[in-house]
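Visitor: I'd like to learn how to read a few features of a structure. Could we go through one together?

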Amino acid sequence: MQIIIVENKEKVSLEAFNIVKNIILKNNQAVLGLATGSTPIGLYKLLIDSFKKEQLSFKDVTTCNLDEYVGLDRNHPQCYYHFMKEHLFDHIDISLENTFIPNGMAEDLEKECKHYEDVLNQHQVDVQILGVGSNGHIGFNEPMTPFDSITHVIELAQQTREDNARFFDAIEDVPTHAITMGISSILRAKKIILMATSEYKAQAIQQMIEGPVDLKCPASILQTHPDVVVIVDKDAARMLGNG
Ligand code: GLP
């Protein structure tokens with residue numbers, strides 16, 4: 001694991017942007033694994049800026065998102081399909097048919113999971129963007145999710161629903177389930193960038209980097225991947241190196 005600690009969240013976004021930009025410049029058909037949540041929004045803004053300045057094109061880029069809530073209509077402002085359009089896809093030259101997000105409204109969710117895993121098998125991710133939950137989840141792989149899991153339906157942890165309640169009117173409105181890439185699906189990416197900011201993530205970051213590889217902290221499995229870059233601000237790195 002390469003650990004990069006920077007001053008603030010703007011610099012976290014910039015470090016991640018420089019890596020992603022170089023991957024797209026080297027390979028205009030790159031496959032990006034994308035994440036939602038507040039953490040990658042700054043990275044997406046930089047990608048949009050660079051498209052507008054004609055430095056980057058996404059015309060032949062493919063994207064695969066990590067996860068989607070179950071039961072939110074694609075027009076729901078908090079569904080991840082809507083999030084991706086709002087924060088990235090609507091502002092760049094990507095072809096929507098090259099963007100993949102699990103369908104959380106599918107009638108047969110098991111079939112949708114199999115279908116999504118097939119999509120991932122057909123598109124090896126060149127660089128996977130990850131945030132991390134305060135409980136150490138990656139994608140929506142909550143603590144105790146098996147490390148060999150593939151795309152599946154997961155019941156969200158109470159902690160996750162509480163953390164994400166800020167985006168909804170009330171905690172009761174936060175979906176109880178999601179479809180998520182599994183941990184082994186995530187680990188198939190050639191390169192992984194995990195971004196985290198704020199003191200709220202400090203414990204998860206400490207366990208992920210310095211703790212044992214343990215199901216209780218799903219992100220700790222990243223210690224076993226050959227090419228992971230962790231980019232954190234000072235606050236998220238606060239508990240590192242304390243023994
Ligand atoms: C969400 C997403 C994760 C994300 C995490 C952190 O629930 N499923 O992919 O990394 O929680 O979110 P945030 O960046 O808003 O802190």
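Guide: Let's begin with Leu72, which sits in the loop between E4 and H3. Keep in mind that this is a predicted model.

Visitor: Is Leu72 buried or exposed?

Guide: The general idea is to look at relative accessible area, where under 20% means buried. Leu72 has 10% relative accessibility, so it counts as buried.

Visitor: Which residues is Leu72 in contact with, leaving aside its neighbours within four places in sequence?

Guide: Those contacts are Gln78, Cys79, Met105, Phe168 and Pro175. For a distance in space, take Phe167: its C-alpha is 13 Å from that of Leu72, and the two are 95 residues apart in sequence.

Visitor: Now the strands. How do I read a sheet?

Guide: In general, strands of a sheet pair through backbone hydrogen bonds, and the pairing is either parallel or antiparallel. Here, you have an open sheet of three strands, ordered E4-E8-E7, and the pairing is antiparallel. At the edges are E4 (67-69) and E7 (152-155), each pairing on one side only. From one strand to the next, the twist averages 25 degrees.

Visitor: How many bridges join E4 and E8?

Guide: Three bridges, in the antiparallel sense, with E8 covering residues 177-180. As an example, Tyr69 has Ala178 in E8 as its bridge partner. Helix H4 (residues 109-122) packs on this sheet, where it touches E7 and E8, and its direction makes about 125 degrees with that of E7.

Visitor: What about two helices? At what angle do H2 and H3 cross?

Guide: The axes of H2 (residues 41-52) and H3 (residues 80-87) cross at roughly 45 degrees and come within 10 Å. Angles under 35 degrees would count as roughly parallel, and 65 to 115 as roughly perpendicular. H2 and H3 are therefore oblique to each other.

Visitor: Which residues make that contact?

Guide: H2 brings Ile41, Tyr44 and Ile48, while H3 brings Phe83, Met84 and His87. Sorted by class, the contact has five nonpolar residues, one polar and no charged ones.

Visitor: Last topic, charges. How many salt bridges does the structure hold?

Guide: The general idea is that side chains of opposite charge can pair when their charged atoms come close. This structure holds seven salt bridges. One of them joins Lys234 and Glu7, whose closest N and O atoms are 3.0 Å apart. That pair links distant parts of the chain: Lys234 is in the segment after E10 (228-233) and Glu7 in the loop between E1 (2-6) and H1 (9-26), 227 residues apart. Lys234 is partly exposed at 44% relative accessibility, and Glu7 is partly exposed at 45%.

Visitor: Which residue meets Glu117 in a salt bridge?

Guide: Arg188, at 2.9 Å from N to O. Glu117 belongs to H4, while Arg188 lies in the loop between H6 (183-187) and E9 (191-196), 71 residues apart. Glu117 is buried, with 6% relative accessible area, whereas Arg188 is partly exposed at 31%.

Visitor: And where do Lys190 and Asp126 lie?

Guide: Their closest N and O atoms are 2.9 Å apart, in another salt bridge. Lys190 is in the loop between H6 and E9, and Asp126 in the loop between H4 and E6 (127-130), so the pair ties together parts that are 64 residues apart in sequence. Lys190 is partly exposed at 46%, but Asp126 is buried at 13%.

How values were computed:
Residues numbered from 1 in each chain as written. Predicted model: local features only at pLDDT ≥ 70, side-chain atom pairs only at ≥ 80, totals over all residues. Heavy atoms only, no water. Pairing = 2+ DSSP bridges. Helix = DSSP H or I, 4+ residues; strand = E, 2+ residues; numbered from the N terminus. Axes fitted to C-alpha atoms, helices over the stretch in contact; angles between N-to-C directions. Contact = heavy atoms within 4.5 Å. Parallel < 35°, antiparallel > 145°, perpendicular 65-115°, else oblique. Nonpolar A, V, L, I, M, F, W, Y, C, P; charged D, E, K, R; others polar. Salt bridge = Lys/Arg side-chain N within 4 Å of Asp/Glu carboxyl O. Buried < 20%, exposed > 50% of the residue type's maximum accessible area, 1.4 Å probe, protein only.
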